[in-house]
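Please look at the sequence and the structure below before reading on. The report then takes up a few contacts between parts of the chain.

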Amino acid sequence: MPAAWTEPAVLHAVMALSSAHKSISCRQDCIPSQQQRFTLQQYNLAIQHLQALLATPSKFSAAVVLITCLLFTSLEYIRGQYKVAGSHLENGLKLLRDIYSVVAIPVFGVDLVKHSMKHSIDRAVFQSFATFHVQADLFGNHIPQAAILLQPMAIEMPSPTFRNVEEARDSLEKLLHGIILIRQKVGPLHDPVALKKAQKPALALLRTWRATYEATVGWSIAHLKHERLAYMLLLSYHAMASIMCNALTRKSEVCYESNTVDFTSIIEHSIEIWKHCSSNSGVNGLETTCDMGWIPPLYYTALKCRVHRIRLHAVRLLESATRREGVWDSMLTAKIAAKVVQLEERGMRSDTIIGDDFALDEVPCSRTFHVVLPESDLFGEVEVDLHEENKVTITCRRYQDHDVVHCMFDGAEWHDTEPV
């Protein structure tokens, strides 16, 4: 907010973002074309003022450029212009890497970049870019030239408790993103020694985080329902990070069968959040945020869980609420997840699929945990290429036989396609 008062580029970017958000949340109360025109006018003014800053670069102007870049990324995600949003995000990450290249530490091909503790704005900018970066990487929408972890994994864990839910979220997000980036850079089949070396400290930090979490909720359980739900959501992210970390050194996709309990816990926590959202009559229409919510753990569950009933539950929960969380659109995410499940399970006999008539608030039970998919049917990686107007191309890879499947969603239905 201080930057918006003093810098015209930031002010007009904020106005453009606010206008785009209003056009989504209040479509029935305004004329879309007028709202869109105003959004673009403010966007263009922000770009003009930004170009003037870029003509005379300085350390201060770099901070303004980064803030404006964050706002542009948020704006384009809201407008559904995913390619442009990705370009803004990539440019911002590269600028951060260049600014802090002197203190960057390469580990397993990932640049660990520490923020400056002298200015609070540095931390806010780092945190926002880190959130956008982990969102994109979780969605299989990788930025290969920007393998940057903006806060090192080896950061000290708060002790003995977290001061608030934000501190708990920040420390867990750093761990999660570090695991994702190392997995991408080293690869599941390339360097098992390096993966094992990275896995051990990551698992230790995840255990420490969980112990700190238990100590926090043990003596000071949140009084506000929203805060209790936030802590519950963090457990879903911790379960997802633990599954990812444990799978680092495993070469078989069948290995996720041993994580069924963790996947079930993600569904259980998501059901509680769904109950709250569905009973909140004051919330209608599309909900939009630039932060991470319940979509990524549900999407990961649908892709990696090996139990049909749990995967289907994750897809249906995604379909139950119209939400946007940065790069994530719940409806589009549900369609991608459902397509991957269909491709992997198309060899299953209909008589082996049970329990599809469940209620959304019914937690999966152990009687559904007996069907195992063969390794030859499972994808090791799903890459997502987002286009505009809810169009998307997915690339699914099987590591065992090096098979690659390409599918495109045109906004209405899926089509098999070849890579361009």
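## Two packed helices

The model is predicted. Helix α11 covers residues 295-304 and helix α12 covers residues 308-320. Their axes lie 8 Å apart, at an angle of about 145 degrees. The crossing of α11 past α12 is left-handed.

On the α11 side, the contact is made by I295, L298, Y299, T301, A302 and L303. On the α12 side, I310, R311, A314, V315, L317 and L318 take part. These residues divide into 10 nonpolar, 1 polar and 1 charged.

## Aromatic pairs

The whole structure holds 11 aromatic pairs. One of them joins Y213 and Y231: the ring centres are 5.9 Å apart and the planes stand at 65 degrees, so the pair is edge-to-face. Y213 belongs to helix α8 and Y231 to helix α9, so the pair ties together parts 18 residues apart in sequence. Both Y213 and Y231 are buried. Ring pairs also link Y213 and Y231 with F162 and W209 in a cluster.

F263 and Y300 form a tilted pair, with 6.2 Å from centre to centre and 35 degrees between the planes. F263 lies in helix α10 and Y300 in helix α11, 37 residues apart. F263 counts as buried because its relative accessibility is 0%. Y300 is also buried, with a relative accessible area of 10%.

## Charges over a ring

Which residue has its charged end over the ring of F358, 3.7 Å from the centre? That residue is R309. R316 also lies over the face of F358, at 4.6 Å from the ring centre.

Notes: Residues numbered from 1 in each chain as written. Predicted model: local features only at pLDDT ≥ 70, side-chain atom pairs only at ≥ 80, totals over all residues. Heavy atoms only, no water. Axes fitted to C-alpha atoms, helices over the stretch in contact; angles between N-to-C directions. Helix = DSSP H or I, 4+ residues; strand = E, 2+ residues; numbered from the N terminus. Left-handed = near helix turned anticlockwise from the far one by under 90°. Contact = heavy atoms within 4.5 Å. Nonpolar A, V, L, I, M, F, W, Y, C, P; charged D, E, K, R; others polar. Phe/Tyr/Trp six-rings, centres within 6.5 Å; stacked < 30°, edge-to-face > 60°. Buried < 20%, exposed > 50% of the residue type's maximum accessible area, 1.4 Å probe, protein only. Lys NZ or Arg CZ within 6 Å of the ring centre and 35° of its normal.
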